[in-house]
Amino acid sequence: MKNSIFPSTGDSISRLGFGAMGLGGAFGSYNENELISSVLHSLDKGVNLIDTARGYGASEDIVGKALKQWKGDRPFIASKIRPRGAGSTWGMPAPVEACFPKGCVTSDIDESLQLLGVESIDLMQMHQYWPGWEKTDYWMEELLRAKEAGKIRAIGISINDHRHDTALTLVQSGAIDSVQTILNIFDPLALDCLLPLCEQHGVAFIARCVLDEGGLTGFLTESTTFAENDFRKTFFENVPRSQYIEKVNRLLPYLDEETRTLAQLAIKFVLHSPAVTSALVSMHIPAHADDNLQVLQTSPLSDEVFHALRTKHRWIRNFYDTKYW
């Protein structure tokens, strides 16, 4: 496993992290014991960052059960405060008072601690952050009190959909320790301003949607179907499916002996910059996790290939504007 340093705490964390949304059923239903085993499998492979959330259904509970069985060093645990009410809609900004009423940050942290079975959460993030919230300080005060009490060690935000620029001011303020945002071959825009700014200010950069909800693995066909409880059932229908497949197929010429799958190509693209602290991928299916982790044992993308992917395959669109929890 290749690691990087989480700037504010000094922890050494795996450059591929366990994105735990799939543990809560977002990608279909799985047996709980199988999900617990998937967490243990990834930890055994050297993954030591797990990113979950209060809004991910049973995810925190499953992570907690896995941690009780884990015999190795405790991994770096990141979670997120759950948005309420009007804040549960991704595409439209809402007042912080509607998303996170007073006291909910504190109560969510306490609930997360109980479910995870840990004394302290390494990183607590505000889920679906919108700019302007920093003008209302009670939510930050609750996070800081939790930090002073030893309940959390670092404070971060998770940005809504693709709007990377919404975090620029907060990163510069010095008030947060990390930013989580979308970064993938189709949307590399965070590389332009947000990533350099995070590196300049010592803010951890956690990339998510590295595989574009699985689309960049090449699994999607015209006949692919999804379970009713799989949010991808509507995610890939925002454009004609043929258009999405054509965009993915244009990436096939970049595969070679060192980069054998589209998933590996997508992961290598995100990890090309050492300023990316960690890239989150779903690991609730061990076979997929093993394939993804193999990328760390191969050569990185050349600068030439990285530049070609970054400049020739941008596809700026927002499939999240109608997404609900």
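Predicted model: local features only at pLDDT ≥ 70, side-chain atom pairs only at ≥ 80, totals over all residues.
Visitor: What do strands β3 to β10 build, and how do they pair?
Guide: They make a closed barrel of eight strands. The order is β3-β4-β5-β6-β7-β8-β9-β10, with parallel pairing.

Visitor: What's the average twist from one strand to the next?
Guide: 25°.

Visitor: Take β4 and β5. How many bridges join them?
Guide: Three, between β4 (residues 49–51) and β5 (residues 76–81). Ile 50 sits opposite Ile 77 of β5.

Visitor: Helices now. Which strands does α4 lie across?
Guide: β5 and β6. Helix α4 covers residues 104–116 and runs at about 140° to β5.

Visitor: And α2 against α4: how do their axes cross?
Guide: At roughly 40°, and the axes come within 7 Å. The cut-off for roughly parallel is under 35 degrees, so the pair counts as oblique.

Visitor: Which residues meet there?
Guide: From α2, Glu 60, Asp 61, Val 63, Gly 64 and Leu 67. From α4, Ser 112, Leu 115 and Leu 116. By class, that contact has four nonpolar, two polar and two charged residues.

Visitor: How does the lining split by class?
Guide: 15 nonpolar, ten polar and seven charged residues.

Conventions
Residues numbered from 1 in each chain as written. Heavy atoms only, no water. Pairing = 2+ DSSP bridges. Helix = DSSP H or I, 4+ residues; strand = E, 2+ residues; numbered from the N terminus. Axes fitted to C-alpha atoms, helices over the stretch in contact; angles between N-to-C directions. Contact = heavy atoms within 4.5 Å. Parallel < 35°, antiparallel > 145°, perpendicular 65-115°, else oblique. Nonpolar A, V, L, I, M, F, W, Y, C, P; charged D, E, K, R; others polar.
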